[in-house]
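Please keep the sequence and the structure in view while reading.

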Amino acid sequence: MDFNNFPKIQLPKLQLPRLELPEWLAPKKDLPPLVIGDLRAAVPIVQGGMGVGISLAGLAAAVAEAGGVGVIAANAIGMIEPDYYADGRAADQRALRSEIRRARARTRGVIGVNLMVAVNDFHELLQVVVEERADIVFLGAGLPLRGIPVAALRAANVKVVPIVSSGRAARLIFTHWRKSYGDVPDAVVVEGPLAGGHLGFKPEQIDDPAFALERIVPGVIAEVRPFEAEFGRPIPVIAGGGVYTGADMHRILRLGARGVQLGTRFVATDECDADPRFKEAYVRCRKEDIVIIKSPVGLPGRAIRNPFLDEVARGARRSFRCPWRCLESCDARAAAYCISLALDNARQGRLDDGFAFAGANAHRVDRIVPVRELVDGLKAEYAAAVEAAARSISDEYVRLVERWKSLKDEYGTALARLGELRNEYERAWNQRIARLKKDYENAWPEKIAALRAEYEGAWNEKVAAVREQYEAAVAALEQLRAGGLDLQAEPR
Ligand SMILES: Cc1cc2nc3c(=O)[nH]c(=O)nc-3n(C[C@H](O)[C@H](O)[C@H](O)COP(=O)(O)O)c2cc1C
């Protein structure tokens with residue numbers, strides 16, 4: 001045994017992180033641009049299309065001028081024309097064409113058109129979008145699957161953006177497009193249940209937290225991601241419905257959305273194309289006035305409650321003449337009122353004969369402002385939200401650094417104690433070994449002497465016994481010889 005070689009205690013080596021403030025503690029406070037293919041909006045705000053004349057060239061151009069995406073809503077747009085009741089289809093097309101041109105004349109910003117898949121003149125209006133080369137067409141209220149003139153849209157460089165309420169709907173559209181057109185849409189709008197207007201949710205889903213915008217956005221992003229890889233281009237997801245402040249925008253963009261779609265906020269602007277009385281309904285309404293209605297087209301919708309809606313809820317029927325079946329799903333004979341007419345009346349400020357669609361946050365509107373002021377306010381709120389988030393992260397970081405420092409001290413103390421223990425151990429080991437060695441050395445001569453004595457004793461005993469046997473044998477031989485045995489004779 002090698003007494004000098006005792007087991008060593010290995011002291012652990014701890015790599016301590018270097019204390020450097022990370023770059024993200026000084027994050028970018030400006031809103032990022034929204035990029036869809038070769039289109040670029042300086043601020044990632046899409047003004048949601050608001051049908052029956054609420055968002056026309058006036059609002060769309062103002063939003064585009066402020067850096068966002070301005071959107072003209074095409075459904076029942078012909079109601080702003082004098083001859084809608086004579087020829088609704090022609091009026092729709094003429095009005096849409098002229099509004100796109102009016103918007104173009106006012107801005108070089110991004111101008112889109114919102115088109116409901118469910119309208120009966122969908123294809124004619126889409127043709128106008130292609131001919132007028134709108135920058136984007138947003139396709140909502142139904143899934144844009146069959147008969148989409150993808151080649152013509154591509155040739156006119158019109159970006160196509162479906163509006164969905166779930167990841168499942170996005171997947172359906174994208175897989176269908178890939179199969180039928182060998183192409184996919186350029187971006188997606190996901191609209192949550194707090195939006196104004198018709199909603200793509202069942203009534204029981206509207207207040208269910210599982211369908212909240214924050215919950216459905218990641219699902220939609222996950223559904224389009226594989227198509228981004230397959231088609232080699234980003235497919236931005238734009239989220240809307242209840243987005244009211246710059247802080248809301250910050251929250252939604254952090255989920256991975258590339259832009260937001262706002263409706264309610266843009267109604268409460270000077271440039272919104274509705275009558276001031278429509279906008280005033282937003283300023284006046286209280287939270288409890290914002291209700292879910294069942295629209296004659298069979299979908300739930302969110303609106304500001306008023307005597308017209310109360311009357312309808314009590315079962316009253318407003319007689320009307322349906323000039324043409326503008327909406328595929330509308331049964332004019334069974335409908336209590338004409339939704340296009342009611343919305344057109346409201347747009348013109350005649351709220352006794354109609355009602356205002358509005359988002360769940362409309363009760364927060366307290367004044368009508370210019371679009372530029374609204375967008376600047378959103379930018380400032382966004383910057384403040386970024387700063388607040390950075391501050392809370394930096395507070396957390398400072399806390400972590402403090403904890404790290406105290407851990408470092410604890411580690412130092414533990415290390416010193418370990419050193420002491422090692423010394424104690426070495427000392428104890430050396431003492432023990434020395435003692436054992438001494439015991440061994442003391443024990444050795446004694447042991448040798450004892451062994452030798454034992455050996456000699458055994459040896460003498462053995463020799464005596466052998467000698468005894470030898471002498472007995474000699475005596476026996478002597479006896480034989482004395483008896484006449486000739487030991488020299490030859491044996492016979
Ligand atoms: C008055 C009004 C009319 C609307 N009309 C339409 C429409 O015709 N087509 C459509 O896709 N969305 C329509 N919407 C929904 C908006 O485009 C937008 O997605 C929604 O309002 C966003 O929610 P927010 O109002 O909470 O911002 C309408 C919304 C409002 C408030």
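In which hand, left or right, does α1 cross α2? The model is predicted, and in it α1 passes α2 in a right-handed crossing. The points below describe this helix pair and then the ligand.

**Packing of the two helices**

- Two packed helices are described by the angle between their axes and by the distance between those axes.
- Helix α1 spans residues 57–65 and helix α2 spans residues 88–106; they pack at an angle of about 35°, and their axes are 9 Å apart.
- On the α1 side, the residues in contact are A57, G58, A61 and E65, and they meet E99, R102, A103 and R106 of α2.
- By class, this contact comprises three nonpolar, one polar and four charged residues.

**Surroundings of the ligand**

- The ligand is surrounded by 22 residues, of which the closest are E191, G242, Q261, G263 and T264.
- This shell consists of eight nonpolar residues, 13 polar residues and one charged residue.

- A polar backbone atom of G49 lies 2.8 Å from an oxygen atom of the ligand.
- The side chain of Q261 has an N or O atom 2.8 Å from an oxygen atom of the ligand.
- For G263, a backbone N or O atom is 2.8 Å from a ligand oxygen atom.
- On its own the ligand has 600 Å² of accessible area, and the protein covers 94% of it.

Terms used
Residues numbered from 1 in each chain as written. Predicted model: local features only at pLDDT ≥ 70, side-chain atom pairs only at ≥ 80, totals over all residues. Heavy atoms only, no water. Axes fitted to C-alpha atoms, helices over the stretch in contact; angles between N-to-C directions. Helix = DSSP H or I, 4+ residues; strand = E, 2+ residues; numbered from the N terminus. Left-handed = near helix turned anticlockwise from the far one by under 90°. Contact = heavy atoms within 4.5 Å. Nonpolar A, V, L, I, M, F, W, Y, C, P; charged D, E, K, R; others polar. Near = heavy atom within 4 Å. Polar contact = N/O pair within 3.5 Å; in protein donor to acceptor, adjacent residues only side chain to side chain. Areas by Shrake-Rupley, 256 points an atom, 1.4 Å probe, with all protein chains shown as cover.
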